[in-house]
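Here's a quick briefing for anyone meeting this structure for the first time. Have a look at the picture, then read on.

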Amino acid sequence: MAHITLPDESLPGIVGLFNFRPETASSLRWLADTLLRGESPLTSGERELIAAYVSHLNDCKFCHMSHASAAMAHLSCDLDQIADIRNGFQEIPVTPKLRALLNIAAKVQKSGKEVSEEDVAAARAEGAIDREIHDTVLIAASFCMFNRYVDGLGTWAPQENEDYREMGQRMAFKGYIPSVEKIAE
């Protein structure tokens with residue numbers, strides 16, 4: 001049970017919090033949609049992997065599982081491969097460039113000051129451009145905020161991979177902004 005009284009306790013994670021404060025949810029949904037589905041030289045699947053990895057490092061089950069499920073949908077991987085994110089990407093095909101960017105994301109998760117010139121140089125040596133480095137840092141920093149929001153208010157998370165299949169598909173292919181908000185745009 002969440003630390004605060006939510007209007008619908010059946011809604012997990014950030015979904016329940018968005019329902020509690022629709023006026024803040026709108027901006028947070030736009031941020032997630034821009035970061036994970038907007039224009040970027042990184043694919044949406046790569047960006048979802050970064051979000052899922054940072055959420056794993058932050059021990060935020062709901063965000064890790066939902067974004068890992070979205071990544072699996074983008075990459076046409078089975079949901080059983082979600083565990084591979086926690087195991088350091090042994091099975092999921094990750095390019096050396098993405099691995100270097102994931103290293104930067106892990107440093108941001110600890111502290112932005114952990115990112116060194118050597119980390120950035122290593123990513124550049126693998127072909128990363130400034131926009132990819134920028135987007136990686138912003139996704140990692142934003143997901144630290146999202147993770148702390150979800151866990152700081154004690155929301156609940158479904159336990160099984162399968163519980164996230166539909167959510168991951170929706171996030172991957174329909175996005176983070178409900179169609180009502182897109183129409184009002």
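Predicted model: local features only at pLDDT ≥ 70, side-chain atom pairs only at ≥ 80, totals over all residues.

Residues are numbered from 1 along each chain as its sequence is written, and side-chain values use heavy atoms, with hydrogens and water left out. Helices here are DSSP runs (H or I, at least four residues), numbered from the N terminus.

- Two packed helices are described by the angle between their axes and the distance between the axes.
- Axes are lines fitted to C-alpha atoms, for helices over the stretch in contact, and angles run from 0 to 180 degrees between N-to-C directions.
- Take helix 3 (residues 44–57) and helix 8 (residues 130–152): their axes come within 9 Å and cross at roughly 45 degrees.
- Helix 3 and helix 8 are therefore oblique to each other (angles under 35 degrees count as roughly parallel, over 145 as roughly antiparallel, 65 to 115 as roughly perpendicular and the rest as oblique).
- The crossing of helix 3 and helix 8 is right-handed, meaning that the near helix is turned clockwise from the far one by less than a right angle.
- On the helix 3 side, the contact (heavy atoms within 4.5 Å) is made by R47, I50, A51, V54 and S55, and on the helix 8 side by T136, I139, A140, F143, C144 and N147.
- Sorted by class, that contact of helix 3 with helix 8 has seven nonpolar, three polar and one charged residues (Ala, Val, Leu, Ile, Met, Phe, Trp, Tyr, Cys and Pro count as nonpolar, Asp, Glu, Lys and Arg as charged, and the others, Gly among them, as polar).
- Helix 8 also packs with helix 6 (residues 96–110), at an angle of about 40 degrees and with the axes 9 Å apart.
- That angle makes helix 6 oblique to helix 8, and the crossing of helix 6 and helix 8 is right-handed.
- Here K97, L101, I104, A105, V108 and Q109 of helix 6 meet E132, I133, T136, V137, A140, A141, C144 and R148 of helix 8.
- By class, the contact of helix 6 with helix 8 has nine nonpolar, two polar and three charged residues.

**Salt bridges**

- The whole structure has eight salt bridges (a side-chain nitrogen of Lys or Arg within 4 Å of a carboxyl oxygen of Asp or Glu).
- One of them joins D33 and R37, at 3.3 Å from N to O; the two sit four residues apart in helix 2 (residues 22–37), so about one helical turn separates D33 and R37.
- D33 is buried, with a relative accessible area of 14%, while R37 is partly exposed at 29% (buried means under 20% relative accessible area, exposed over 50%, partly exposed in between, with a 1.4 Å probe and protein chains only).
- Another pairs K107 with D119, the closest N and O atoms being 2.9 Å apart.
- K107 belongs to helix 6 and D119 to helix 7 (residues 117–125), so this pair ties together parts that are twelve residues apart in sequence.
- D119 is buried, at 9% relative accessibility.
- In helix 8, R131 and D135 are four residues apart, or about one helical turn, and their side chains meet in a salt bridge of 3.1 Å, N to O.
- R131 is partly exposed at 36%, whereas D135 is buried at 9%.

**Buried spots**

- L49 lies in helix 3 and is buried, with a relative accessible area of 1%.
- Leaving aside neighbours within four places in sequence, L49 is in contact with A71, M72, L75, I85, F89, I92, L98 and L102.
- From C-alpha to C-alpha, L49 and I85 are 7.8 Å apart in space, though 36 residues apart in sequence.
- S142, in helix 8, is buried at 8% and touches L31 and L35, not counting residues up to four places away in sequence.
- Helix 1 (residues 13–20) has G13, I14, G16, L17 and F18 buried, and the buried residues of helix 1 pack against helix 2, helix 4 (61–75) and helix 8.

**Two loop residues with positive phi**

- D59 sits in the loop between helix 3 and helix 4, has a phi near 60 degrees, a positive value in a residue other than glycine, and is exposed at 66%.
- F89 sits in the loop between helix 5 (82–86) and helix 6; phi of F89 is near 60 degrees, and F89 is buried at 4%.
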